[in-house]
Amino acid sequence: MGIWITGDVHGAIDIAKLSHRRWPAGRSLTRDDFLIIAGDFGMPWDGSNEERYWLDWLEERPWTTLYVDGNHECYPYLEDLPVTERWGGKVQVYPDHPHIVHLMRGQVFDLPLASAADIRPPSAADDASRRGPAPARTLRVFAMGGAASHDKAWRTPGWSWFPEELPAPAEYAEAERNLAEAGWKVDLVVSHCCAARWLPALLSAGDRAGRDEPDALVTWFDELEERLAYRLWCFGHYHVDLMPDARHRALYRQVASWDELLAEGAARGPAAPRDGDATADGTAAAPPEGRPAHDA
Ligand SMILES: [Fe+2]
């Protein structure tokens with residue numbers, strides 16, 4: 001059991017990166033392996049035969065596909081899907097494609113793993129959390145989809161653009177509740193967009209047009225950066241493969257395993273310091289005060 005992560009799929013447009021030719025490792029995976037797509041999964045949308053073909057194709061792959069939502073999802077379809085619980089958080093399982101699973105916003109999941117190298121040691125913070133420590137041989141994942149469309153002026157509301165692309169206040173509140181229960185500590189964050197602080201680095205490398213205006217979600221992520229402990233934060237949206245620091249990874253065309261991403265981060269060097277991190281003389285700085293609240 002392992003975890004692999006990639007960026008936007010956009011329905012048929014970018015799904016070829018999951019082919020045997022482009023991602024040979026995928027061939028040897030099993031249903032116990034997870035591929036997490038960091039938003040803009042994009043299916044179903046229009047119910048076309050082409051779309052059905054690709055959903056069937058993905059269902060037939062040997063792994064289990066998980067995705068957080070991006071700005072390019074058909075939100076009326078998701079609205080109608082039943083909500084169930086799996087791995088400790090809320091999910092939506094595609095009825096005709098049971099190995100395609102939507103990881104809902106603000107949820108904390110304990111995904112089973114096999115590799116001993118994947119397992120983080122327990123800590124005092126685990127013991128203090130109401131949710132309790134992550135079960136042995138699991139990876140604790142915080143999923144928070146959504147993003148603002150930079151091109152919504154050219155899109156049609158209700159067809160190619162949906163206001164649900166950004167979380168509602170209740171979704172931020174649920175996220176904060178679930179993270180509090182997890183003691184504000186996870187292994188992996190998967191989102192579609194990233195904290196506002198990373199936008200300059202990402203947008204100078206990728207598709208900049210209209211994406212550099214901070215919105216409510218990237219602002220909330222910026223506050224979350226100061227409070228949440230995590231090992232790695234992966235996101236899509238910016239259509240670029242880039243590691244702006246040792247703990248943040250933008251993904252688009254690449255499909256990378258958890259182990260590979262950790263190794264890449266270790267080679268990249270120390271993560272950028274945050275408010276509340278240990279100080280240079282080794283004394284622990286005070287934890288950030290207050291909640292990373294969403295004011296809206
Ligand atoms: Fe996208």
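The chain has seven helices and 13 strands, both being DSSP runs numbered from the N terminus (helices H or I, at least four residues; strands E, at least two). This is a predicted model, in which local features need pLDDT of at least 70, side-chain atom pairs count only at pLDDT 80 or more, and totals for chains, interfaces and linings use all residues. Residues are numbered from 1 along each chain as its sequence is written.

**Exercise 1.** State what average pLDDT the chain has, and where pLDDT stays under 50.

*Solution.* pLDDT is the predictor's confidence in each residue, from 0 to 100. The chain averages 87, and 83% of the residues score at least 70. Next, the stretch under 50 is residues 278–296. For this stretch the model has 23 contacts beyond four places in sequence, a contact being two residues with C-beta atoms, placed from the backbone, within 7 Å.

**Exercise 2.** Locate Arg105 and decide whether Arg105 is buried or exposed.

*Solution.* Arg105 lies in the loop between strand S6 (97–103) and strand S7 (107–112). A residue is buried if 20 or more other C-beta atoms lie within 10 Å of its own, exposed if 12 or fewer, and partly exposed in between. Arg105 has 22 such atoms within 10 Å, so Arg105 is buried. Beyond its neighbours within four places in sequence, Arg105 contacts Ala143, Met144, Gly145, Gly146, Pro167, Glu171 and Ala175.

**Exercise 3.** List the contacts of Cys234, leaving aside neighbours within four places in sequence.

*Solution.* Cys234 is in contact with Ile5, Ala38, Leu188, Val190, Arg249 and Leu251.
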